[in-house]
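Please keep the viewer open as you read.

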Amino acid sequence: MPHRSMTVSGVEVTPLCDAVGPMGASIRRPPAEMFAGSGLQDEPWVLHFHCYLLRDGAGRLTLVDTGIGAADSPASSWAPVPGTLAGELAAAGVAPAEIGTVILTHLHSDHASGAVADGRPVFENARYVLQQAELDAARGPMLHEVVSKIRAQLHVVEGDAEVAPGVHVHSAPGHTPGHQIVRVGELAMTGDLVLHPVQLDDPAIRYVYDDDQEAAARTRAEVLAALRAERAILATAHFSEPFLRL
């Protein structure tokens with residue numbers, strides 16, 4: 001079942017848990033190596049894979065990220081596929097065809113693979129919002145198996161934009177070239193801006209799988225400082241609990 005929802009600025013935000021599990025052996029490393037300088041103990045890092053369903057006062061539906069996808073998705077080499085997003089949406093009373101906007105924070109396989117199933121867009125009536133820089137950098141399976149299948153539905157933006165009433169995206173590069181976060185009022189859905197709670201205490205702690213670790217650390221520090229100044233609420237992708245007030 002989905003986590004408990006909250007309403008922010010008239011928008012109901014429901015976390016959807018697509019999967020829970022550790023990284024697969026193909027990319028798993030000791031936590032202290034994945035987060036250099038963190039002092040984390042050598043215990044399995046169990047990730048929660050969250051997507052977010054937004055329902056505004058007019059009933060318009062927006063989905064933030066689409067999870068790990070099917071058993072044969074690009075995420076299958078390392079993530080606990082298949083994801084359960086379809087069941088989570090059903091439990092929230094939503095059919096895929098009702099989604100009007102899908103925002104992809106970035107094109108890593110655990111955030112975007114669920115956009116496509118059996119070679120077709122899962123959310124057939126949606127616009128898929130993506131940063132131009134992310135589209136430009138798309139390569140490999142995510143390009144060929146996901147982006148190519150949703151290309152006709154892409155809504156490409158550059159930088160900050162309002163992509164649905166009251167729903168804004170903000171460029172937050174580093175983890176990937178076109179990584180973006182999503183804002184609804186005081187709530188920030190952070191994608192992979194922050195991967196592990198240790199980065200809240202020290203945003204300078206780098207993550208081994210950031211595309212540009214220096215840029216990611218700089219972005220993380222800047223964005224978190226701004227969010228803390230307004231005592232914002234984070235909606236995270238991989239923490240065990242989705243919501244966290246700074």
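β4 and strand β5 (residues 101–103) pair in the parallel sense over 3 bridges; two strands count as paired if DSSP finds at least two bridges between them. Helices (H or I, at least four residues) and strands (E, at least two) are DSSP runs, numbered from the N terminus. This is a predicted model, in which local features need pLDDT of at least 70 and side-chain atom pairs count only at pLDDT 80 or more, while totals for chains, interfaces and linings use all residues. Residues are numbered from 1 along each chain as its sequence is written, and side-chain values use heavy atoms, with hydrogens and water left out.

On its other pairing, β4 meets strand β3 (residues 46–55) in the antiparallel sense through 4 bridges. The hairpin of β3 and β4 has 5 residues between the strands, and there glycine 59 takes a positive phi near 85 degrees.

| Residue | Opposite residue | Strand of the opposite residue |
|---|---|---|
| Arginine 55 | leucine 61 | β4 |
| Threonine 62 | threonine 101 | β5 |
| Threonine 7 | glutamate 12 | β2 |

Zooming out, the open sheet has 7 strands in the order β1-β2-β3-β4-β5-β8-β9, with mixed pairing. β1 (6–8) and β9 stand at the edges with a single partner strand each, so one side of each has no neighbour in the sheet. For β1, the antiparallel pairing with strand β2 (residues 11–22) runs over 3 bridges.

Now to the helices. In helix α5 (residues 140–150), the buried residues are Met142, Val146, Val147 and Ile150. They lie on the same side of α5 because they cover an arc of only 85 degrees around the axis, taken from the directions from the helix axis to the C-beta atoms. These buried residues pack against several elements, including β8 (127–131), α4 (132–137) and β9 (154–157).

Threonine 219 sits in helix α7 (residues 213–229). At 11% relative accessibility, threonine 219 counts as buried. Apart from neighbours within four places in sequence, threonine 219 is in contact (heavy atoms within 4.5 Å) with Ala172, Pro173 and Leu193.

Definitions and conventions: Buried means under 20% relative accessible area, exposed over 50%, partly exposed in between (1.4 Å probe, protein chains only).
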